[in-house]
Amino acid sequence: MSELETVSKELAKFNQSHVLRFWDELTDEQKTILSNEIKEVNVAEVCSYFKKSVETLNEDQSKLDDRMEPIPPELYGGVIRSSPEELKSYEHEGLQQISEGRVAVLLMAGGQGTRLGVSYPKGMYDVGLPSRKPLFQLQAERIRRLEDLAYDRTGKRSNITWYIMTSEATMDATEDFFKKHDFFGLNKNNIVMFEQGLLPCFTFDGKIIMDEKWRIARAPDGNGGIYRALRDMKIFDDMEKRGIKYLHAHAVDNILVKIADPVFIGYCVQRDAECGAKVVDKASPQEAVGVICKVDGQYQVVEYSEITSKTAEKRNSDGKLTFSAGNICNHFFTTEFLHKIVHRFECNLQLHVAKKKIPYINENGQRLKPDKPNGIKMEKFVFDVFPYADRFVIWEVKREEEFSPLKNADSAEKENPTTCRSDIFSLHRRYIQDAGGIVETNGTPIICEISPLVSYAGEGLEKVVSKKKFKPPVLLRSSYEEALCSNGCTEYH
């Protein structure tokens, strides 16, 4: 049986024969493209996804409120909930694990800055800090500083491996950006980039939509596609070879993110957790963030749109919101847990469905753009693995210290470049003041930035700022950066 006959038989088995409808009209190059795409999509797997997605659409969520329970207090740690001694213990544990080379970062960076008004990867975005450092550079330099902190604490030098999940739309630009800036001072061998997968778009009656006669209409499979990509791109194999045991996973757009946070990692390790989530206290019952809770005895994220106002406003006897654990896409995983997900449960993860207007090829071979939704795009979310965790913990952090996402252009009211700048300026001013320095404003706006190469989270500033007064704009740079800029700042922004 020829390869074409094998493919044709497989498509027919799942009622998708129309994918080859125009085969005889295609050039050899187009036939190769279509053949490769059919192999890549795994017809049996994606058709099972469609079946599951339809079931999800038809599920009755009306009584979700009655099935929700808050996370038990014994699983709920946090910066405010812990003593100084406990925090030091967690930090030491985390730094020890980093010094042993057991910690990696899993960055979800597949999105373009469309809502920011740019077409390039969001990690390349410059929010307008005095240093002009984009998100990727801030995060890379936090990794560099943390490696130094772990060495200073333990006397053992190791590296944090940085796994960066891009998408088809952002991979080339991200690779070029890192090469252009010499990987921001990190060892390029410890930066591993890979693409998240694409899933075919389907009509409402289960037919794969064709974007061209020789191309399948596909869309990114969401940040939850990271698990499928870990399997398909052999990334999990790389983790095992490097001896990595713990991973910190987060989204690229949080300008305040504490990458590979040793306190968070240390807490999870000491609690013997296989999966953990950082949260912030919800600002209000109506805040548009999902909450982490238990539903039918399993941990999961319930989106704000899935619960009633009555449940969102429910409070405990101390006045705190009952469902207050706001999800910020910031997680801890053991590689053992990821192994379980990647090899046993990935195909069972929940599918989230969006009805979209998807351009398509009609029976006559014409490409049309519909004026109303004609199909669905399927995606998975990174937190869809929570229900499979046997040992799950929560770590609550202060919003003003760790969470300021970049989602929108400045035309929006929040989560924009201006709010990101303001939040980092305020945090860094507090770092200076806590270290005995003074930032004078005299009615002028606060402009205060500390390079990650100087301080990861406010540590080590006393010798630099104690008993000193600073007038905005304040920019504290490392001696390395000062020397670089005295020579024209040719290497980095």
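Is R391 buried, exposed or partly exposed? R391 comes out as partly exposed, with a relative accessible area of 33%; here buried is under 20% relative accessible area, exposed is over 50%, and partly exposed is in between (1.4 Å probe, protein chains only). Some notes on the rest follow.

1. Ground rules. This is a predicted model, in which local features need pLDDT of at least 70 and side-chain atom pairs count only at pLDDT 80 or more, while totals for chains, interfaces and linings use all residues. Residues are numbered from 1 along each chain as its sequence is written, and side-chain values use heavy atoms, with hydrogens and water left out.

2. Domains. The protein chain is assigned domain 1 (60-407) and domain 2 (420-487), with bounds that come from an automatic or database domain assignment. Taken over C-alpha atoms, the centres of domain 1 and domain 2 are 29 Å apart.

3. The interface. Contact (heavy atoms within 4.5 Å) involves 25 residues of domain 1 and 21 residues of domain 2. The size of an interface is often given as the accessible area lost when the parts come together. For domain 1 and domain 2 that buried area is about 1900 Å², 65% of it on carbon and sulfur atoms; the term covers the accessible area (1.4 Å probe) that two parts lose on being put together, summed over both.

4. Two salt bridges are counted between domain 1 and domain 2, a salt bridge being a side-chain nitrogen of Lys or Arg within 4 Å of a carboxyl oxygen of Asp or Glu. K133 and E481 form a salt bridge through their side chains, at 2.5 Å from N to O. Across the interface of domain 1 and domain 2 there are also eight residue pairs in polar contact, both residues at pLDDT 80 or more. A polar contact is a pair of N or O atoms within 3.5 Å; within protein, one must be able to donate a hydrogen and the other to accept it, and residues adjacent in sequence count only if both atoms are side-chain atoms.

5. What domain 1 brings. On the side of domain 1 that touches domain 2, the elements giving two or more residues are helix 6 (135-154) and helix 13 (399-402). Helix 6 gives the most, with seven residues. Helices (H or I, at least four residues) and strands (E, at least two) are DSSP runs, numbered from the N terminus. By type, this side of domain 1 has 13 nonpolar, three polar and nine charged residues. Nonpolar means Ala, Val, Leu, Ile, Met, Phe, Trp, Tyr, Cys and Pro, charged means Asp, Glu, Lys and Arg, and polar means the others, Gly among them.

6. Back to R391. Its side chain meets that of D272 in a salt bridge, 3.5 Å from N to O. D272 is in the loop between helix 10 (262-270) and strand 12 (275-281), and R391 in the loop between strand 19 (375-379) and strand 20 (392-396), so the pair ties together parts 119 residues apart in sequence. D272 is partly exposed, at 47% relative accessibility.

7. L75. Also worth a look is the loop between strand 1 (68-69) and strand 2 (76-78), where L75 is found. L75 counts as buried at 15% relative accessibility. From C-alpha to C-alpha, L75 and R391 are 9.1 Å apart in space, although 316 residues separate them in sequence. Leaving aside residues up to four places away in sequence, L75 touches Y267, R271, Y299, F392, V393 and I394.

8. Buried charges. The structure holds 35 salt bridges. K380 and E346 meet in one of them, at 2.9 Å from N to O. K380 is buried at 3% relative accessible area, and E346 is buried at 1%. Salt bridges with shared partners join E45, D221, R228, R231, D232, E346 and K380 into one network. Within it, the closest N and O atoms of D221 and R228 are 3.8 Å apart. D221 is buried at 2%, and R228 is buried at 6%.

9. Backbone points to check by eye. P472 and P473 are joined by a cis peptide bond, with omega about 0°; P473 sits in the loop between strand 23 (469-470) and strand 24 (474-476). F184, not a glycine, has a positive phi near 55° and is buried, at 0% relative accessible area. K467 is not a glycine either and has a positive phi of about 65°, but K467 is exposed, at 80%.
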